[in-house]
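Please consult the sequence and the structure shown here while reading.

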Amino acid sequence: EQIPGCRHALAGEFTKRAVLAGKMTVQAAEALGDLLHADTSTQRRIAVRAMGGRGNDCVRTWMEKLTQSLAAWEALIDFGDDYEIPQLDASIVVQIAQEIKGELRKARCREVVRNGVRFALVGAPNVGKSSLMNRLGEH
């Protein structure tokens, strides 16, 4: 029975409102969608980890380190002749770039687990295609 002026919520509507209100990150919303659509325990485990916000922590740490480094470099440029500023090390930028590359590699692996892989198993009749597929499906 319908109440006048009311309607059923659309799929994802409360999650969208939470993101727009700043109560949930986009990453957490995507992870929730992944969790709801997960078919395997591995997919569920990855989704739950993503909901924990570890990715946001990495980005926040990188931003803090880069902001500190940028401030130090700007101080050197602006006041280097007037004040003694300790020697700066650019290795932090290289380190963060390596960490980002590592996270991107992990993200590609998680994407494969999330979406699966499409492939065609082709061959002559009676050469074991079904047996191979059954063996692959066991793992």
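## Helix α1 and residue L20

L20 has its place in helix α1; helices (H or I, at least four residues) and strands (E, at least two) are DSSP runs, numbered from the N terminus. With a relative accessible area of 68%, L20 is exposed. Here buried means under 20% relative accessible area, exposed over 50%, and partly exposed in between (1.4 Å probe, protein chains only). Between the C-alpha atoms of L20 and L70, which are 50 residues apart along the chain, the separation is 31 Å.

## Basis and confidence of the model

The model is predicted, so that local features need pLDDT of at least 70 and side-chain atom pairs count only at pLDDT 80 or more, while totals for chains, interfaces and linings use all residues. Residues are numbered from 1 along each chain as its sequence is written, and side-chain values use heavy atoms, with hydrogens and water left out.

The average pLDDT of the protein is 85, and 94% of the residues score at least 70; pLDDT is the predictor's confidence in each residue, from 0 to 100. Confidence is highest in α1, with a mean of 94, and lowest in α4, with a mean of 83.

## Salt bridges

The structure holds three salt bridges, each defined as a side-chain nitrogen of Lys or Arg within 4 Å of a carboxyl oxygen of Asp or Glu. R7, E13 and R17 are linked in a network of such bridges. Between E13 and R7, the closest N and O atoms are 2.8 Å apart; between R17 and E13, the corresponding distance is 2.9 Å. E13 and R17 both belong to helix α1 (residues 13-20), where they are four residues apart, about one turn of the helix. E13 counts as buried because its relative accessibility is 13%, whereas R7, at 54%, counts as exposed.

A further salt bridge joins K106 to E103, with the closest N and O atoms 3.4 Å apart. Both residues lie in helix α5 (residues 91-115), three residues apart, about one turn of the helix. K106 counts as partly exposed at 42% relative accessibility, while E103 counts as buried at 16%.

In α2, the residues A28, A29 and A31 are buried. Seen down the axis of α2, its buried residues fall within an arc of 160 degrees, so they line one face of the helix; the arc is that of the directions from the helix axis to the C-beta atoms. The cover over the buried residues of α2 includes α1 and α3.

Helix α3 (residues 41-51) has Q43, I46 and A47 as its buried residues. Because these buried residues fall within an arc of 100 degrees when seen down the axis of α3, they line one face of the helix. They pack against α2 (26-36) and α5.

## Residue S69 in α4

Helix α4 (residues 54-79) contains S69. With 11% relative accessibility, S69 counts as buried. When its neighbours within four places in sequence are left aside, S69 is in contact with I92 and V93, contact meaning heavy atoms within 4.5 Å.

## Nonpolar surface patch

Which residues form a nonpolar patch on the surface? V112, V117, F119, L121, L132, M133 and L136 do so, with about 630 Å² of accessible area together. Patches are made of residues with over 30% relative accessible area and no salt bridge: like charges are joined within 9 Å, and nonpolar side chains (Val, Leu, Ile, Met, Phe, Trp, Tyr) within 5 Å. Accessible areas come from the Shrake-Rupley method with a 1.4 Å probe, and for residues only the protein chains shown count as cover.

Helix α6 (residues 129-137) gives the most to the nonpolar patch, with three residues. L132 is found in α6 and, at 42% relative accessibility, counts as partly exposed.

## The loop between α5 and α6

N126 is located in the loop between α5 and α6. Although N126 is not a glycine, it has a positive phi of about 60 degrees. Is N126 buried or exposed? N126 is exposed, its relative accessible area being 82%.
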